[in-house]
Amino acid sequence: MDDPPRDIGCAECIDLLSDYVDGILPEKQAKALEWHIESCPPCVAFVNTYRGTIDAARKLGDVEIPSELKKRLLAVLKSGKAPQQQR
């Protein structure tokens, strides 16, 4: 008889989710994750949102960023400072 999956918490669930969705999480950990998700409504919501985000990102495809926006974004990233909001 198989041992029941060990208990995992929400934080560990989030840590394991990427490997689970990619199908590379070892079977024992995957079963423990599924066990937790089945009994945790906040994690069900998180998993659904996570999967929805992945699906949306796949549908976006490549988008060309205007050169001026690209320059401004690179400048902000290099400066390490948040951009000033215009009022």
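**Ground rules**

I number residues from 1 along each chain as its sequence is written, and my side-chain values use heavy atoms, with hydrogens and water left out. Since I am working with a predicted model, I need pLDDT of at least 70 for local features and 80 or more for side-chain atom pairs, while totals for chains, interfaces and linings use all residues.

**Entry 1: the overall layout**

I started with the helices and strands, which are DSSP runs numbered from the N terminus (helices: H or I, at least four residues; strands: E, at least two). I found four helices and zero strands, and along the sequence the pattern reads α-α-α-α.

Next I looked up contacts, meaning heavy atoms within 4.5 Å. Among contacts with a separation of 6 or more, 53% join residues 24 or more positions apart.

I also noted the accessible surface, from the Shrake-Rupley method with a 1.4 Å probe, where for residues only the protein chains shown count as cover. The protein's total is about 7,600 Å², and carbon and sulfur atoms hold 55% of that.

**Entry 2: the inside**

How many of the residues count as buried? I got 15% of the 87 residues, with buried meaning under 20% relative accessible area, exposed over 50%, and partly exposed in between (1.4 Å probe, protein chains only).

Then I went looking for a nonpolar core, which is a set of buried Ala, Val, Leu, Ile, Met, Phe, Trp, Tyr and Cys residues joined through side-chain atoms within 4.5 Å. The largest one has twelve residues, including I8, L16, L17, A30, I37, C43 and V47. Helices α1 (10-22), α2 and α3 each give two or more residues to this core. The most come from α2, with four residues. I zoomed in on V47: leaving aside neighbours within four places in sequence, V47 touches L17 and I37.

**Entry 3: salt bridges**

I counted three salt bridges, each a side-chain nitrogen of Lys or Arg within 4 Å of a carboxyl oxygen of Asp or Glu.

- K31 pairs with E27, with their closest N and O atoms 3.9 Å apart. Both sit in helix α2 (residues 27-38), four residues apart, about one turn of the helix. K31 is partly exposed at 43% relative accessibility, and E27 is exposed at 58%.
- R58 pairs with D55, also with an N to O distance of 3.9 Å. Both belong to helix α3 (residues 41-60), three residues apart, again about one turn. R58 is exposed at 64%, whereas D55 is partly exposed at 39%.
- K70 pairs with E64 at 4.0 Å between the closest N and O atoms. K70 is partly exposed, at 39%, and E64 is exposed, at 66%.

**Entry 4: a nonpolar patch outside**

Which residues form a nonpolar patch on the surface? I found L73, L74 and L77, with about 290 Å² of accessible area together. Patch members have over 30% relative accessible area and no salt bridge; nonpolar side chains (Val, Leu, Ile, Met, Phe, Trp, Tyr) are joined within 5 Å, and like charges within 9 Å. I checked L77 on its own: this residue lies in helix α4 (residues 67-79), and its relative accessible area of 60% makes it exposed.
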